[in-house]
Amino acid sequence: MSTAEQQPPATPSDALLGPADIRELAEVLGVRPTKQKGQNFVIDANTVRRIVRTAEVRPDDVVVEVGPGLGSLTLALLEAADRVVAVEIDDILAAALPATIEARMPRKKDHFALVHSDAMLVTELPGPAPTALVANLPYNVAVPVLLTMLDRFPTIERTLVMVQAEVADRLAARPGNKVYGVPSVKANWYADVKRAGSIGRNVFWPAPNVDSGLVSLVRRAEPVKTTATKAEVFAVVDAAFAQRRKGLRAALAGWAGSAAGAEAALVAAGIPPLARGESLTVEEFAAIAEHKPAAERPAL
(Lines give C-alpha, C1' and ligand atoms only; values in the text may rest on other atoms or scores of the structure.)
Protein backbone atom coordinates (compact mmCIF):
# COMPACT_ATOMS: atom_id res chain seq x y z
CA MET A 1 0.00 0.00 0.00
CA SER A 2 1.43 3.41 -0.95
CA THR A 3 1.92 6.29 1.48
CA ALA A 4 -0.87 8.19 -0.31
CA GLU A 5 -3.30 5.27 0.19
CA GLN A 6 -2.49 5.08 3.87
CA GLN A 7 -3.41 8.71 4.50
CA PRO A 8 -6.99 9.99 4.11
CA PRO A 9 -7.39 13.13 1.99
CA ALA A 10 -7.10 16.28 4.06
CA THR A 11 -9.08 19.47 3.85
CA PRO A 12 -7.18 22.80 3.78
CA SER A 13 -7.82 23.29 7.48
CA ASP A 14 -6.08 20.05 8.52
CA ALA A 15 -3.68 19.50 5.64
CA LEU A 16 -0.62 20.39 7.71
CA LEU A 17 1.24 17.75 9.66
CA GLY A 18 1.01 17.63 13.44
CA PRO A 19 3.08 15.65 15.97
CA ALA A 20 1.02 12.46 15.64
CA ASP A 21 1.06 12.71 11.83
CA ILE A 22 4.83 13.11 11.77
CA ARG A 23 5.49 10.16 14.05
CA GLU A 24 2.99 7.94 12.23
CA LEU A 25 4.44 8.80 8.84
CA ALA A 26 7.98 8.23 10.10
CA GLU A 27 6.96 4.85 11.50
CA VAL A 28 5.30 3.79 8.24
CA LEU A 29 8.43 4.76 6.32
CA GLY A 30 10.80 3.25 8.87
CA VAL A 31 12.48 6.64 9.27
CA ARG A 32 14.64 7.28 12.32
CA PRO A 33 15.95 10.87 12.42
CA THR A 34 19.75 10.93 12.56
CA LYS A 35 22.20 13.56 13.78
CA GLN A 36 24.51 12.65 10.90
CA LYS A 37 21.98 13.98 8.41
CA GLY A 38 20.95 16.85 10.67
CA GLN A 39 17.37 15.63 10.72
CA ASN A 40 15.04 17.39 13.15
CA PHE A 41 11.48 17.40 11.86
CA VAL A 42 9.18 20.33 12.65
CA ILE A 43 6.03 18.95 14.29
CA ASP A 44 4.14 22.17 14.98
CA ALA A 45 1.76 23.55 12.34
CA ASN A 46 1.77 27.01 13.90
CA THR A 47 5.57 27.17 13.52
CA VAL A 48 5.58 26.35 9.81
CA ARG A 49 2.80 28.86 9.20
CA ARG A 50 4.84 31.44 11.11
CA ILE A 51 7.85 30.67 8.90
CA VAL A 52 5.79 31.11 5.74
CA ARG A 53 4.32 34.36 7.06
CA THR A 54 7.74 35.71 8.08
CA ALA A 55 9.11 34.76 4.66
CA GLU A 56 6.35 36.89 3.11
CA VAL A 57 5.52 34.15 0.61
CA ARG A 58 3.25 35.49 -2.12
CA PRO A 59 0.59 33.72 -4.22
CA ASP A 60 2.75 34.06 -7.34
CA ASP A 61 6.00 32.85 -5.74
CA VAL A 62 7.99 29.87 -6.92
CA VAL A 63 9.61 28.66 -3.73
CA VAL A 64 12.58 26.32 -3.51
CA GLU A 65 12.86 24.35 -0.28
CA VAL A 66 16.01 22.47 0.73
CA GLY A 67 15.64 19.47 3.03
CA PRO A 68 11.83 19.13 3.15
CA GLY A 69 12.00 15.98 5.25
CA LEU A 70 8.50 14.58 5.83
CA GLY A 71 6.84 17.67 4.35
CA SER A 72 5.77 19.85 7.30
CA LEU A 73 7.02 23.12 5.83
CA THR A 74 6.37 21.99 2.25
CA LEU A 75 2.63 21.78 2.84
CA ALA A 76 2.53 25.21 4.47
CA LEU A 77 4.47 26.67 1.54
CA LEU A 78 2.07 25.08 -0.95
CA GLU A 79 -0.84 26.74 0.86
CA ALA A 80 0.69 30.16 0.22
CA ALA A 81 2.82 29.94 -2.95
CA ASP A 82 2.06 29.19 -6.58
CA ARG A 83 4.67 26.45 -6.80
CA VAL A 84 7.17 24.64 -4.56
CA VAL A 85 10.30 22.80 -5.65
CA ALA A 86 11.75 20.64 -2.90
CA VAL A 87 15.34 19.39 -2.93
CA GLU A 88 15.81 16.26 -0.82
CA ILE A 89 18.92 14.08 -0.57
CA ASP A 90 17.45 11.23 1.50
CA ASP A 91 16.20 8.33 -0.63
CA ILE A 92 13.28 7.32 1.60
CA LEU A 93 12.08 10.86 2.27
CA ALA A 94 12.36 11.85 -1.39
CA ALA A 95 10.33 8.83 -2.48
CA ALA A 96 7.57 9.48 0.07
CA LEU A 97 7.07 13.24 -0.24
CA PRO A 98 5.06 13.36 -3.51
CA ALA A 99 2.57 10.84 -2.05
CA THR A 100 2.24 12.93 1.11
CA ILE A 101 1.48 16.03 -0.97
CA GLU A 102 -1.09 14.17 -3.07
CA ALA A 103 -2.77 12.72 0.02
CA ARG A 104 -2.94 15.89 2.12
CA MET A 105 -3.15 18.64 -0.50
CA PRO A 106 -4.29 17.04 -3.77
CA ARG A 107 -5.37 20.36 -5.29
CA LYS A 108 -1.74 21.50 -5.27
CA LYS A 109 -0.01 18.30 -6.39
CA ASP A 110 0.62 19.72 -9.87
CA HIS A 111 2.21 22.78 -8.26
CA PHE A 112 4.89 20.65 -6.58
CA ALA A 113 8.14 19.24 -7.93
CA LEU A 114 10.77 17.12 -6.25
CA VAL A 115 14.49 17.14 -6.98
CA HIS A 116 16.13 14.06 -5.45
CA SER A 117 19.68 15.31 -5.01
CA ASP A 118 22.27 16.86 -2.77
CA ALA A 119 21.52 20.60 -2.81
CA MET A 120 25.24 21.31 -3.23
CA LEU A 121 25.13 19.50 -6.59
CA VAL A 122 21.95 21.06 -7.98
CA THR A 123 22.63 23.43 -10.88
CA GLU A 124 19.13 23.71 -12.33
CA LEU A 125 15.56 23.36 -11.11
CA PRO A 126 12.45 22.20 -12.99
CA GLY A 127 9.79 24.69 -14.03
CA PRO A 128 9.82 28.48 -13.67
CA ALA A 129 12.80 30.17 -12.04
CA PRO A 130 12.56 30.32 -8.24
CA THR A 131 11.70 33.64 -6.62
CA ALA A 132 12.13 32.61 -2.99
CA LEU A 133 14.08 30.16 -0.85
CA VAL A 134 12.49 28.96 2.39
CA ALA A 135 14.05 26.10 4.30
CA ASN A 136 14.79 24.42 7.60
CA LEU A 137 18.46 23.80 6.83
CA PRO A 138 20.41 20.95 8.40
CA TYR A 139 22.75 22.50 10.95
CA ASN A 140 25.91 20.84 9.62
CA VAL A 141 25.64 22.20 6.07
CA ALA A 142 23.52 25.33 6.50
CA VAL A 143 26.00 28.01 5.42
CA PRO A 144 27.47 26.29 2.32
CA VAL A 145 23.99 25.26 1.12
CA LEU A 146 22.62 28.79 1.61
CA LEU A 147 25.51 30.50 -0.19
CA THR A 148 25.46 27.94 -3.01
CA MET A 149 21.75 28.39 -3.65
CA LEU A 150 22.02 32.18 -3.65
CA ASP A 151 24.93 31.99 -6.07
CA ARG A 152 23.43 29.50 -8.52
CA PHE A 153 19.91 30.90 -8.59
CA PRO A 154 20.10 34.70 -8.90
CA THR A 155 16.32 34.96 -9.43
CA ILE A 156 15.83 34.15 -5.73
CA GLU A 157 14.80 37.54 -4.35
CA ARG A 158 13.82 36.62 -0.80
CA THR A 159 15.17 33.96 1.50
CA LEU A 160 14.16 32.80 4.96
CA VAL A 161 16.10 29.99 6.54
CA MET A 162 15.87 28.32 9.91
CA VAL A 163 19.31 27.45 11.22
CA GLN A 164 21.12 26.87 14.49
CA ALA A 165 20.84 30.05 16.59
CA GLU A 166 24.62 30.50 16.64
CA VAL A 167 24.72 30.29 12.83
CA ALA A 168 21.84 32.76 12.58
CA ASP A 169 23.77 35.21 14.73
CA ARG A 170 26.86 34.86 12.55
CA LEU A 171 24.99 35.30 9.30
CA ALA A 172 23.23 38.44 10.53
CA ALA A 173 26.19 39.96 12.38
CA ARG A 174 27.40 43.45 11.49
CA PRO A 175 31.03 44.65 11.29
CA GLY A 176 32.46 45.07 14.76
CA ASN A 177 30.38 42.28 16.27
CA LYS A 178 32.50 39.53 17.85
CA VAL A 179 30.75 36.81 15.80
CA TYR A 180 31.07 38.71 12.51
CA GLY A 181 33.06 36.56 10.12
CA VAL A 182 33.20 34.71 6.81
CA PRO A 183 29.47 33.75 6.71
CA SER A 184 28.46 37.33 7.54
CA VAL A 185 30.52 38.89 4.76
CA LYS A 186 29.71 36.33 2.10
CA ALA A 187 25.98 36.46 2.82
CA ASN A 188 26.18 40.25 2.51
CA TRP A 189 27.73 39.89 -0.93
CA TYR A 190 24.35 38.61 -2.10
CA ALA A 191 21.79 40.13 0.20
CA ASP A 192 20.75 42.37 3.05
CA VAL A 193 20.70 40.03 6.03
CA LYS A 194 18.87 40.26 9.35
CA ARG A 195 17.70 38.09 12.22
CA ALA A 196 13.99 37.37 11.84
CA GLY A 197 13.09 35.52 15.03
CA SER A 198 13.85 32.58 17.30
CA ILE A 199 12.45 29.05 17.32
CA GLY A 200 12.16 26.92 20.45
CA ARG A 201 13.41 23.35 20.69
CA ASN A 202 10.04 21.79 21.50
CA VAL A 203 8.66 22.25 17.97
CA PHE A 204 11.08 19.64 16.64
CA TRP A 205 11.19 15.86 16.73
CA PRO A 206 13.60 14.85 18.01
CA ALA A 207 14.23 18.02 20.01
CA PRO A 208 17.72 19.36 19.23
CA ASN A 209 20.12 20.31 22.00
CA VAL A 210 20.51 23.83 20.56
CA ASP A 211 18.12 26.67 19.82
CA SER A 212 17.22 27.72 16.30
CA GLY A 213 16.89 31.09 14.64
CA LEU A 214 15.30 32.56 11.53
CA VAL A 215 17.41 34.59 9.12
CA SER A 216 15.95 36.81 6.40
CA LEU A 217 17.98 37.61 3.29
CA VAL A 218 16.70 40.05 0.68
CA ARG A 219 18.81 40.10 -2.45
CA ARG A 220 20.63 43.34 -3.11
CA ALA A 221 18.88 45.55 -5.63
CA GLU A 222 22.33 46.31 -7.05
CA PRO A 223 25.41 44.07 -6.79
CA VAL A 224 28.40 45.22 -4.79
CA LYS A 225 30.12 47.83 -6.96
CA THR A 226 33.58 46.50 -7.69
CA THR A 227 35.84 45.54 -10.55
CA ALA A 228 36.92 42.44 -8.61
CA THR A 229 35.19 39.11 -9.15
CA LYS A 230 33.29 37.31 -6.42
CA ALA A 231 36.09 34.73 -6.22
CA GLU A 232 38.69 37.46 -5.78
CA VAL A 233 36.69 39.14 -3.02
CA PHE A 234 35.99 35.87 -1.23
CA ALA A 235 39.71 35.01 -1.34
CA VAL A 236 40.44 38.18 0.65
CA VAL A 237 37.65 37.37 3.12
CA ASP A 238 38.93 33.84 3.67
CA ALA A 239 42.48 35.07 4.21
CA ALA A 240 41.44 37.84 6.59
CA PHE A 241 39.49 35.52 8.89
CA ALA A 242 41.87 32.58 8.73
CA GLN A 243 44.00 34.58 11.19
CA ARG A 244 41.38 36.86 12.66
CA ARG A 245 43.46 37.77 15.72
CA LYS A 246 46.04 39.40 13.48
CA GLY A 247 45.91 42.80 11.83
CA LEU A 248 45.19 42.69 8.12
CA ARG A 249 48.77 43.53 7.13
CA ALA A 250 49.86 40.22 8.63
CA ALA A 251 46.71 38.23 7.89
CA LEU A 252 46.78 39.10 4.18
CA ALA A 253 50.52 38.60 3.70
CA GLY A 254 50.04 35.17 2.13
CA TRP A 255 47.26 36.44 -0.14
CA ALA A 256 49.31 39.44 -1.29
CA GLY A 257 52.63 37.64 -1.54
CA SER A 258 54.19 39.58 1.33
CA ALA A 259 53.29 41.79 4.28
CA ALA A 260 54.51 44.80 2.32
CA GLY A 261 52.26 43.85 -0.58
CA ALA A 262 49.32 43.48 1.79
CA GLU A 263 50.01 46.90 3.28
CA ALA A 264 50.16 48.49 -0.15
CA ALA A 265 46.81 46.96 -1.09
CA LEU A 266 45.25 48.09 2.18
CA VAL A 267 46.52 51.64 1.88
CA ALA A 268 45.32 51.84 -1.72
CA ALA A 269 41.89 50.67 -0.57
CA GLY A 270 41.81 53.21 2.25
CA ILE A 271 41.98 50.57 5.00
CA PRO A 272 44.32 50.98 8.02
CA PRO A 273 46.94 48.18 7.78
CA LEU A 274 46.44 47.22 11.42
CA ALA A 275 42.64 46.94 11.11
CA ARG A 276 41.12 43.52 11.56
CA GLY A 277 38.78 41.69 9.22
CA GLU A 278 35.91 41.81 11.69
CA SER A 279 35.71 45.59 11.27
CA LEU A 280 35.31 45.64 7.47
CA THR A 281 32.22 45.68 5.27
CA VAL A 282 31.91 43.54 2.16
CA GLU A 283 32.49 46.70 0.09
CA GLU A 284 35.80 47.28 1.86
CA PHE A 285 36.89 43.70 1.23
CA ALA A 286 36.05 44.26 -2.43
CA ALA A 287 38.18 47.40 -2.47
CA ILE A 288 41.14 45.43 -1.10
CA ALA A 289 40.63 42.74 -3.75
CA GLU A 290 40.80 45.39 -6.47
CA HIS A 291 44.30 46.35 -5.31
CA LYS A 292 45.93 42.95 -5.04
CA PRO A 293 49.58 43.29 -6.02
CA ALA A 294 50.51 41.80 -9.36
CA ALA A 295 52.52 38.59 -8.99
CA GLU A 296 56.22 39.24 -9.31
CA ARG A 297 57.78 37.76 -12.38
CA PRO A 298 60.49 35.19 -11.73
CA ALA A 299 64.03 36.33 -12.51
CA LEU A 300 65.36 35.19 -15.88
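## Charges and ground rules

For the charge count, Lys and Arg are taken as positive and Asp and Glu as negative, while His and the chain ends are left out. Each charge is placed at NZ of Lys, CZ of Arg, CG of Asp or CD of Glu. On that basis the protein has 33 positive and 34 negative charges, and their mean positions sit 6 Å apart.

This is a predicted model, in which local features need pLDDT of at least 70, side-chain atom pairs count only at pLDDT 80 or more, and totals for chains, interfaces and linings use all residues. Residues are numbered from 1 along each chain as its sequence is written, and side-chain values use heavy atoms, with hydrogens and water left out.

## The overall picture

The protein has 13 helices and 9 strands; these are DSSP runs (helices H or I, at least four residues; strands E, at least two), numbered from the N terminus. Its C-alpha trace spans about 75 × 40 × 35 Å along the principal axes.

Of the 300 residues, 50% count as buried, meaning under 20% relative accessible area, against over 50% for exposed and in between for partly exposed (1.4 Å probe, protein chains only). Take the contacts (heavy atoms within 4.5 Å) between residues at least 6 apart in sequence: 71% of them join residues at least 24 apart.

## Two nonpolar cores

A nonpolar core here is a set of buried Ala, Val, Leu, Ile, Met, Phe, Trp, Tyr and Cys residues joined through side-chain atoms within 4.5 Å. The largest holds 63 residues, and L137, L217, V233, L252, F285 and I288 touch the most other members. Apart from it lies another core of 41 residues, including A15, V52, L75 and A86.

Back to V233: leaving aside residues up to four places away in sequence, V233 touches W189, A228, F285, A286 and A289.

In α2 (residues 19-29), the buried residues are I22, L25, A26 and L29. They end up on the same side of α2 because they cover an arc of only 100° around the axis, going by the directions from the helix axis to the C-beta atoms. The face turned away from that buried side carries the exposed A20 and E27. Just after α2, G30 takes a positive phi of about 70°.

Over in helix α3 (residues 45-54) you'll find T47. T47 counts as buried because its relative accessibility is 8%. Not counting residues up to four places away in sequence, T47 touches V42, I199 and V203.
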